[in-house]
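Here is a short briefing on a predicted model. Please keep the sequence and the coordinates in view while reading.

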Amino acid sequence: MTRMKKLALRSGVLATAVAMLAGSAGAQLIGSVPSANATVVVADGGSVDLCALAGSATLPDPADGVGSASIPIWGYAVKVGPTCGDDESAALPGPTLELALGSTVTVSVTNALPGSAGNTSIVFPGFAGVPDPQGVAAGANRSYTITASRPGTLAYESGVNAARQVAMGLTGTIIVRSDTLGSAYGGAATFGSAYDQEIVAVLSEVDPAQHAAPATFAYADYRPRLWLIDGSAYDAASPGDSTVSVGAGTTVLIRYVNAGFGHHAMTILGNRQTIIARDGFPVPAPMSVVDETVPSGQTMDVLVTVPASAASGTRYAVYDRQLHVTNGPVYPGGMLMFLEVA
Amino acid sequence: MREATMKHMKKTPVPASGPRRPGARVFARALPLCLLLLPFVVPQAAGVVNAAPPPPGGMVCADPTTTGPGSATFDLRAVSGLISIPDGGSIRMWSYAPVVSGTPKFQVPGPVLCANEGDTVTVNLTNDLNRPDLVSVIFPGQDAVGASGGVPGLLTNEVADGGGTVSYTFTAAEPGTYIYESGSEPSKQVQMGLYGALVVRPSGAPAGECWAYDHPDSRYDCDREYLILLHDIDPALHRAVARNKPYDVTTMHDDYWTINGRAFPDTIAPNGVTILPNQPYGSMVTIEPYDATVNPHPALVRYVNAGMVHHPFHPHGNNFRLIARDGRFLARTAASASYETFTTTLGAGQTADALVSWHNLDDYSSALNPLSAQGPGIKIPNLRNVVFKDGLTWYSGSPYLGETGDLPVGVTSYSECGEFYFPLHSHALNEFQNSDEGFGGMATLLRVDPAGGCP
C-alpha cells in the first residue's frame with residue numbers, strides 16, 4: 001500500500017448522493033481521493049463485517065525522524081474473503097462507517113489478532129447499546145446492532161483491553177448523515193451546518209515501544225514520538241499527502257475524532273474554525289475559535305469558511321498547538337496538515 | 001493553598017500596588033532582601049534608553065517604532081539572553097526584542113503589541129540569534145497576513161541571521177487578545193521564548209470608556225487592565241540549545257512555569273523592576289471592592305497561554321467572568337454568553353478574556369460587622385495559620401479589609417493597610433513551584449485594596 005493521503009475527503013453532496021452500490025458486505029467504497037481507510041456506506045438494515053488483525057503502517061522513523069519505519073499495528077479492515085488476512089490488511093485508522101439517520105445496521109468483528117492480544121470487541125460510544133467488555137477469542141466473530149438515532153460524528157473502538165488495543169489502532173469513525181443533504185446536522189441543530197466539503201481528522205499518537213510490544217508494554221513508560229492525523233504524520237518528503245485542496249468561497253467541515261490518549265489543541269492559522277458540535281451533539285450556539293482542545297475520546301465538528309477572495313495557493317495550517325509537530329525530534333512533522341485553496 | 005495565608009513562601013518581594021498609585025512611591029519601597037541576594041548574572045543590554053518608567057502594575061503596551069494614522073509598526077529582533085528564576089538560577093531564552101533607540105532590548109516575553117481595530121499593523125523582524133536557525137512570526141487569529149522579505153518557509157516567511165528583515169503586515173480587523181509566536185520550528189522556538197501578546201482595541205467604545213470588545217458588556221475599568229501570559233520551560237531543552245546539542249522535544253519535562261516571563265514570587269514585583277532587567281512585566285492583579293457608585297467597573301484580565309501544555313488557572317477569593325475566547329466576544333445572538341467560572345483551562349495557544357470584580361459580601365469592616373456580631377462560623381484567623389516561617393506574613397493583623405492589627409513581636413507584615421491577597425495561579429500544582437521549591441512557578445496574586453486604595 002502506498003503511503004497515500006488518508007484524509008477522507010469528498011464533496012458532502014457527492015457523499016450523500018452516491019448510491020449504495022453492491023459491495024461484498026453491502027458496503028461501498030467511495031471517495032474522490034484515494035484513501036487507505038476506506039469509507040463504507042452501510043444501508044439501513046445492512047451490515048458490515050470487520051476483521052481485527054495485525055499489520056503494519058509505514059510512518060516516519062520515530063527514532064530520529066529520518067526516513068520511514070514499519071510500525072506494527074492492530075487495525076480494522078472490511079472483511080472481503082472467507083479468512084481475515086487473506087485479502088484484508090489492517091489500516092490506521094479503521095474504515096469510516098457512514099450511516100443514514102434513523103437506520104439500524106449490524107457491525108460484526110472477527111478476532112484475527114495474535115493470540116497474545118487476547119479477546120476483542122467493538123464498542124460504539126454515543127450509541128445505545130450494551131458494552132462488550134468480554135469480547136470474543138481469536139478466530140471468533142461477534143455482531144453488534146446499532147441504531148443511528150441522531151446525526152453527527154462518533155467513533156467506534158475496541159472494548160477489550162482498550163489501553164493496548166485502541167493504542168495499536170483498533171478505532172474508527174462513524175458518520176451519521178443528517179436529514180438534509182450537505183448539512184452536518186440538518187434539522188437537529190438550531191443553526192445552519194451546511195458544508196461543501198468534509199475532512200475526517202482522526203487524531204492519535206504512536207509510542208513505538210508500545211507498538212513493538214503491545215501485550216507487555218508498561219504504560220508507566222508511555223511517551224509518544226509520532227502524532228498522526230488520520231493515520232499519517234506530516235512528512236516533509238511528501239507534503240502533498242497532508243494537503244487538502246479546498247475551494248475559495250466554500251465551507252469545509254472538519255470532523256475531529258480524538259482516538260489518542262492525550263488532549264490536542266487543534267489550531268488553524270490564517271482562518272478560524274466555528275465549533276458546531278461535540279460528540280455528535282450540536283453545541284448550544286456556534287463558537288468561533290482559533291484553537292480548541294479536542295479531549296481524548298471526544299469528537300468535535302468545526303466549519304472553516306474559505307473566503308471567496310482567497311487567492312489560489314493560500315494555505316491554512318491545521319495543527320496541534322501543543323506543538324506535536326515533529327516526527328520524533330524532527331520538525332516539521334506530526335499532527336500538521338494544510339488546507340490549500342485551489 | 002489557603003487564601004491570604006501563604007505560610008511556606010520562601011521569597012516574597014513587595015507587591016506592586018495598583019496602577020492608580022503613584023509609581024514613585026512603589027519603587028521607593030524596600031526591595032525584598034531575598035531577591036537582592038540572588039546571584040544576579042543578567043547584565044542590562046547596553047545603550048538602553050528608558051524614557052519613562054512603566055506604571056507599576058497592569059498591562060504595558062510597547063511603544064510602536066513608528067505610528068501613523070491607522071497604522072502601527074513594530075521593529076523586533078530575535079536575540080538570545082538570560083532570564084532570572086527565583087531559585088537563583090538563570091535560563092537561556094530567545095526573545096523578540098523590541099528595538100529601542102536602535103538597540104534591541106532583550107526581554108521575555110516579547111513586547112505587548114497593541115493596535116486599534118482596523119489598524120494596519122506591520123512587524124519587521126531581524127534575526128540576531130547568531131545561529132543557523134531561521135526565525136519568523138505567525139499571528140494566529142489574524143487573517144491574510146502578508147509577508148515580504150526573508151525566504152518562504154512552511155508557515156510563513158522566515159529570516160536567517162544576516163538575512164535582512166522580514167516584514168509582516170495585516171489588518172487588525174477584530175478586537176481582542178491574541179498571541180504572536182514563532183512559525184519556525186515552533187516546537188523549539190516557542191519553548192525558547194519567541195512569543196508575545198497582541199492586543200487589538202475595539203473601535204466601538206464611547207469616548208472615555210474602555211471596552212475589550214465592541215460590546216458594552218465587555219466594559220472594564222480603564223486603570224485595571226492586566227495580562228497573564230503563560231509559558232512553561234524545560235531547562236534541559238534550553239541547555240541543549242545553549243550547548244548546540246540535539247534538541248528532542250519529545251523528552252520535554254517542564255520544571256519552570258512563568259507568567260509574563262517571570263516565576264512566582266517575581267510575578268508580583270512591579271513592572272520594570274530593576275532587579276529583573278530582562279523580565280519587565282509583573283502580573284499582580286489589583287482591584288478594589290465593587291461599588292455601584294465609586295467602583296462599578298471590573299478589571300480586565302487578558303489570558304494567553306503560550307506554553308505547550310494546558311494550564312488550569314484560577315483565582316482564590318472569587319470567580320472570574322469569562323467574556324471571550326481567541327479574540328471573540330462570547331455572544332449568542334444579541335445577548336452575552338459570558339459566564340462565571342472558577343477554574344479556566346487555558347489550552348496551549350489559546351487566549352481568553354475575563355472580567356474581575358470582588359464584592360465585599362461579608363461587610364468585612366469592624367464597624368459594620370464587628371466580631372461580636374458574627375455568627376458562630378466566623379472566627380478571627382488563628383495567628384498560627386497566618387504567620388509563616390521566618391516571621392513574614394501577608395496578614396495585616398486584622399481580618400477586616402482596610403484595617404490593621406497587632407502581630408506578634410518579630411513578625412513583619414507585607415500588608416500596607418489591611419488589603420487582602422488571594423492566590424491567582426495554575427491549579428496544576430506541580431506548576432506551583434520553581435524546580436521543587438514552592439511556592440513558585442505559575443502563580444501571581446489578586447490584591448484587593450480597600451475602597452479608594454491604601455491611604
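In which strand of chain B does B:S167 lie? B:S167 belongs to strand β10 (residues 165–171) of chain B; helices (H or I, at least four residues) and strands (E, at least two) are DSSP runs, numbered from the N terminus. This is a predicted model, where local features need pLDDT of at least 70, side-chain atom pairs count only at pLDDT 80 or more, and totals for chains, interfaces and linings use all residues. Residues are numbered from 1 along each chain as its sequence is written, chains are lettered from A and ligands numbered from 1 in the order in which they are written, and side-chain values use heavy atoms, with hydrogens and water left out.

**Around B:S167**
- B:S167 is buried, at a relative accessible area of 18%; buried means under 20% relative accessible area, exposed over 50%, and partly exposed in between (1.4 Å probe, protein chains only).
- Neighbours within four places in sequence aside, B:S167 is in contact (heavy atoms within 4.5 Å) with B:V123, B:N124, B:G146, B:A147 and B:S148.

**Around A:T153**
- A:T153 sits in strand β10 (residues 152–158) of chain A. Its relative accessible area is 0%, so A:T153 is buried.
- The A:T153 side chain makes a polar contact of 2.7 Å with that of A:R255. Another, of 2.7 Å, joins A:T153 to the side chain of A:D301.
- Not counting residues up to four places away in sequence, A:T153 touches several residues, including A:I174, A:Y185 and A:V257.

**Chain A overall**
- Chain A has three helices and 24 strands.
- Of its 342 residues, 59% are buried.

**Nonpolar cores**
- The largest nonpolar core holds 44 residues, of which A:Y319, B:L125, B:F139, B:Y180 and B:L198 touch the most other members. A core is a set of buried Ala, Val, Leu, Ile, Met, Phe, Trp, Tyr and Cys residues joined through side-chain atoms within 4.5 Å.
- Strand β2 (residues 71–84) of chain B gives the most to this core, with four residues.
- Apart from it lies another core of 36 residues, among them A:L203, A:I229, A:I276 and A:V302.

**Aromatic rings**
- Over all chains there are 20 aromatic pairs. Rings of Phe, Tyr and Trp (its six-membered ring) pair if their centres lie within 6.5 Å; planes under 30 degrees apart count as stacked, over 60 as edge-to-face and the rest as tilted.
- B:W358 and B:F422 form a tilted pair, 6.2 Å centre to centre with 40 degrees between the planes.
- B:W358 lies in the loop between β26 (351–356) and α5 (383–386) of chain B and B:F422 in strand β29 (residues 420–426), so the pair ties together parts 64 residues apart in sequence.
- B:W358 is buried at 8% relative accessibility, and B:F422 is buried at 6%.
- One aromatic cluster consists of B:Y96, B:F139, B:Y168, B:F170 and B:Y180.

**Interface**
- The contact takes 40 residues from chain B and 34 residues from chain A.
- About 2700 Å² is buried between the chains, with 55% from carbon and sulfur atoms. Buried area is the accessible area (1.4 Å probe) that two parts lose on being put together, summed over both.
- B:L154, B:T250 and B:H310 supply 23% of the area that chain B buries against chain A, more than any other three residues.

Definitions and conventions: A polar contact is a pair of N or O atoms within 3.5 Å; within protein, one must be able to donate a hydrogen and the other to accept it, and residues adjacent in sequence count only if both atoms are side-chain atoms.
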